Amino acid sequence: MVQRLVRLGLVRSERYRGARLTAAGRSAALQLIRRHRIIESYLVERLGFGWEDVHDEAERLEHAASDDLIARMAEAIGNPTADPHGAPIPTASGEVDETRLQSIADLAEGAVAAVVRMSDRDPEFLRYLDGLGIRPGASVRVLERAPFAGPVTLEVDGVRHAIGTSAAAMVYIRRNRR
Ligand SMILES: [Zn+2]
């Protein structure tokens, strides 16, 4: 369960290492994730923060905010279903979209996909993606894949970019039918 939650980005493995997550633990973890992602969304939507700056702010605020404050923040921005990095926001009753996503690194040459979410841990990485136009909702086409984990050449909303395989593996997509 922990592995699954970790894979889904629902828990941070270092924080729960060695712990067994019970149903109550899972529900508590989902509520903490809900808080984190609502705070991130609110900071971007209402306070004009850049998407690369909100993760650390949310880490600090997620434990301090009351349930009422979180509910009002969510309400004020129209109860979003995904945070600024595209990660699903669990509902107040603990439902979350657990669809397992592929990454750009899983795409073959010629594949077209829509960017859904990306890792939000590193502000530099988010700034880098932003500069390339790789945000949730962007359309990417794989033009070329170099062998031996070489660069992946992409067309992003009509512009050509080459990115490393490790960066490609941190950008999750939904494949378009061709
Ligand atoms: Zn975050």
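The following legends describe close-up views of a predicted model.

**View 1**
The zinc ion is held by H36 through NE2, E40 through OE, H55 through ND1 and D120 through OD, at 2.0 to 2.1 Å. Read along the chain, these donors follow the spacing H-x3-E-x14-H-x64-D. H36 belongs to helix 3 and H55 to helix 4 (residues 54-61), so this pair ties together parts that are 19 residues apart in sequence.

**View 1. The geometry of the zinc site.**
The angles among the four donor atoms of the zinc ion run from 91 to 159 degrees, and the site is irregular. Why is the site not counted as tetrahedral? Four donors count as tetrahedral only if all angles lie between 85 and 135 degrees, and the angles at this zinc ion reach 159 degrees. For comparison, the ideal angle for four tetrahedral donors is 109.5 degrees.

H36 lies in helix 3 and, at 4% relative accessibility, counts as buried. The side chain of H36 also makes a polar contact with the side chain of E40, at 2.9 Å; both residues are donors to the zinc ion. Is H55 buried or exposed? H55 is buried, because its relative accessible area is 5%, and residues under 20% are placed in that class.

**View 2. R34, a buried residue without a salt bridge.**
R34 is found in helix 3, which spans residues 23-47. R34 is buried, yet it has no salt bridge. The nearest side chain of opposite charge is that of E75, 8.1 Å away, whereas a salt bridge requires the charged atoms to be within 4 Å. What does the side chain of R34 reach instead? It reaches the backbone oxygen of P90, at 3.0 Å. Apart from its neighbours within four places in sequence, R34 is in contact with A74, I89, P90, T91 and A92.

A114 lies in strand 2, which covers residues 112-118. This residue is partly exposed, with a relative accessible area of 26%. A114 and A138 are 24 residues apart along the chain, and their C-alpha atoms are separated by 5.8 Å. When neighbours within four places in sequence are left aside, A114 is in contact with A138, Y172, I173, R174 and N176.

Conventions: Residues are numbered from 1 along each chain as its sequence is written. This is a predicted model: local features need pLDDT of at least 70, side-chain atom pairs count only at pLDDT 80 or more; totals for chains, interfaces and linings use all residues. Side-chain values use heavy atoms; hydrogens and water are left out. Helices (H or I, at least four residues) and strands (E, at least two) are DSSP runs, numbered from the N terminus. Buried means under 20% relative accessible area, exposed over 50%, partly exposed in between (1.4 Å probe, protein chains only). Lys and Arg count as positive and Asp and Glu as negative; His and the chain ends are not counted. A polar contact is a pair of N or O atoms within 3.5 Å; within protein, one must be able to donate a hydrogen and the other to accept it, and residues adjacent in sequence count only if both atoms are side-chain atoms. Contact means heavy atoms within 4.5 Å. Donors are N, O and S atoms within 2.8 Å of the metal (3.2 Å for Na, K and Ca); water is not among the atoms, so sites may look incomplete. Four donors count as tetrahedral if all angles lie between 85 and 135 degrees; four count as square planar and six as octahedral if opposite donors are over 155 degrees apart and all others between 65 and 115; anything else is irregular.
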